[in-house]
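Me: Please take a close look at one part of this model, the place where the two chains meet, and describe it in a connected way.

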Amino acid sequence: MQRLRRLFDLLAGDPQAERAVPPTGFTARLTVLTAGAMAFLAVFAMALSLATGRLADRWAAELAQTSTLRISAPQGQLDAQTEAALRVLQTTPGVAEARALSADEQRALLAPWFGPDLPIESLPVPQLIEIIEDADGYDPAGLRARLQAEVPGAVLDDHTRWREPLIEAAGRLRLLGLVSMGLIAVATAAMITLAANAALAANAQVIRVMRLVGAKDIYIARAFVRRFTLRALIGAALGTLAGTLAVMLLPRTDAAGGFLTGLGFQGLHWLWPLVIPILAALVAFVATRQAALKTLREQS
Amino acid sequence: MIELDNVAYSYGGGELFSGLDLSLAPGSFHFLTGPSGTGKTTLLKLCYGELIATAGQVRLFGEDARALDRDAVALTRRRIGVVHQDCQFLDHLPVAENIALPLTVAGLPAMPDDLRDLLGWVGLTRQAAQRPPELSGGERQRAALARAVIMSPEVILADEPTGNVDPEMSQRLLALLVELNKMGKTVLIATHDMSLIRAAKPHVSARVLRLADRKLHLAGADL
Ligand SMILES: Nc1ncnc2c1ncn2[C@@H]1O[C@H](COP(=O)(O)OP(=O)(O)O)[C@@H](O)[C@H]1O
Ligand SMILES: [Mg+2]
C-alpha cells in the first residue's frame, strides 16, 4: 500500500515541479528515439517468437500423428506384402488407422518430379501405407521388429528422423525471439539510464537549489521520472505502430507455403504489440527512478 | 532552536574551527563576524544540515543533525530560512516563482495575495516577472530574503546579505531583518561589514560573535 502510494506519487503530475526542472532538448529526443527504435525491433522479435512458436507446435502436432510405411517388393509379391502389413498394423496398439495409398495418390506424390500421366502401374514403385496414430502413439521399435519378421520389404518412416531438427530449430528461433526482446529491454534501460544521468548532471544546480529550499528526494526524482516515462511511452508507441504496420505490410507469399507466410500476427495476437509501449514506460520508470534517487543520494 | 556543542569542522585542507559552542535562543539576534575564509559560511551550513560537523554535536530543533535522514533534513530546512551568500536561484524561472519555490517543493499552494504582499515588502513588485540574472545585486538579495521567509520559518540565517550592495540598500535589508526579529524570528547574520553591525545598534539588541583563530569569540559587549 505504502509502495503503491509512492508509485502513484512518482507518476502523479505536478506542473510546478516540471517547471522547476528546465527541459533538456537532447535527452528528450534521445529517449523518444531510443524507445521508438527499440519498440520497432521488439515488434519483429515478438512476431518471430509467435510465428516460430506456431510453426513448432504445428509441425510437432502433425508429425506426432502420421507416419508412412513403404513396401518394396517384386511385382508379384507387392499386394500380398501390403495385405500382410495392413494386418500387422491393425493389431498394433497405438495405430488408429492404416490405409494403403491408391495409385492416383501415389501418382500425385510423384507428379512434381515426373509430371502427370506417369504409368505408375508398370513401374516398380513401392507401395505407401499411411499410418495415423491415436493419442498415445505406437512403439516404432516394436513395430519394426514385427514387420521385419512378417513383411520383409517394409520400411517404416516415422518422420521424426528428418523433422525433429526442424522442430528444434523452430523452438530455438522462438527462444532467440524471446532473448532478443529481453536484450531490447535491457538496452532500453541502459540508454534511458544514460539519458537520465545526463539530464540529472545537466540539472545539478537546479537539484541543489531545490534541496536547499527543502525539497525531498522523491519530489525532485518525480520531475525526472515523469518526463522520461512519458517520453519512453510516446517513443515506444510510435515505434510499435511503425513496426506493426511493417509486419502487416509483409507480402503474402503463400506459394512459399512455409515459414515466411507465418511471420506476422494472427487473430488476437495482434494485441500483443500493445504490451510493448507499456513495458517501455515501465522500464523507463524504473531506470530513471533508480538513476535519480542514486544521483540524489550521492549529492550533499 | 539551534545549538552547537563543542563543534569542529575539518576538511582535506585541515581544521577550520573547533571547540565551538553556540546557542540560538528563540527570538534572539546574532551577528557572526570574522575575516574572510575563517568559516562563517561553513558554520551556517552546519546550521541547516548542508554540512555535518566532524566533531561535537549540532542540534536542530532538538534533533542531532547527524541522525537526520535525507527527508528529515528536507523537513528541517523548511523551518529555517536561509539567505545564501550566492543567492542560489533557478535562473530560468521568474523572480516570483523563485520566491515561491519553498512552498512549491513542499507541495503547498502559493497564495497570490501573500506573494504580492511579500513582493511589496521587499520592494520587488515591478520585478516579479523578471528572471534573477536581470536583477541588480540589491534586488537579488531582497528576493533571496523574500524566499527565505515565505515558509514563515522560525529561524533566519543570512550569509553576507549586504555583500556587493550599496550602503543605502544595506540599511534597507538590515531593516527588513530587524523587522523579522521583532516579529519573533530568530536571526543570525554572517557579515564582515562592521558598519552594518554599528547601524543595527540603535534598533535591536544583538549579540556579536567573532570567528577568528579557529575559535568563536564573544566580540566585546553585546550591542
Ligand atoms: N570541504 C571543503 N573543502 C575544501 N575547502 C573547504 C571546505 N570547507 C571549507 N573550505 C575552505 O575553508 C575556508 C572557509 O570558508 P567559508 O566557510 O566560506 O569562510 P567565510 O564564509 O568565513 O569566508 C575557505 O577557504 C574554503 O575554501
Ligand atoms: Mg562566506
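Reply: Contact here means heavy atoms within 4.5 Å, and on that basis 22 residues from chain A and 22 residues from chain B take part. This is a predicted model, in which local features need pLDDT of at least 70 and side-chain atom pairs count only at pLDDT 80 or more, while totals for chains, interfaces and linings use all residues. Residues are numbered from 1 along each chain as its sequence is written, chains are lettered from A in the order in which they are written, and side-chain values use heavy atoms, with hydrogens and water left out.

Together, chain A and chain B bury about 2,100 Å², of which 53% is on carbon and sulfur atoms; buried area is the accessible area (1.4 Å probe) that two parts lose on being put together, summed over both. Across the interface there are 2 salt bridges, each defined as a side-chain nitrogen of Lys or Arg within 4 Å of a carboxyl oxygen of Asp or Glu, and one of them joins A:Arg208 to B:Glu50 at 2.5 Å, N to O.

On the side of chain A that touches chain B, at least two residues each come from α2 (15-20), α8 (204-212), α9 (217-248) and α11 (275-298) of chain A, helices being DSSP runs (H or I, at least four residues) numbered from the N terminus. The largest share, 7 residues, belongs to α8(A). By class, this side of chain A has 11 nonpolar, 5 polar and 6 charged residues, where Ala, Val, Leu, Ile, Met, Phe, Trp, Tyr, Cys and Pro count as nonpolar, Asp, Glu, Lys and Arg as charged, and the others, Gly among them, as polar.
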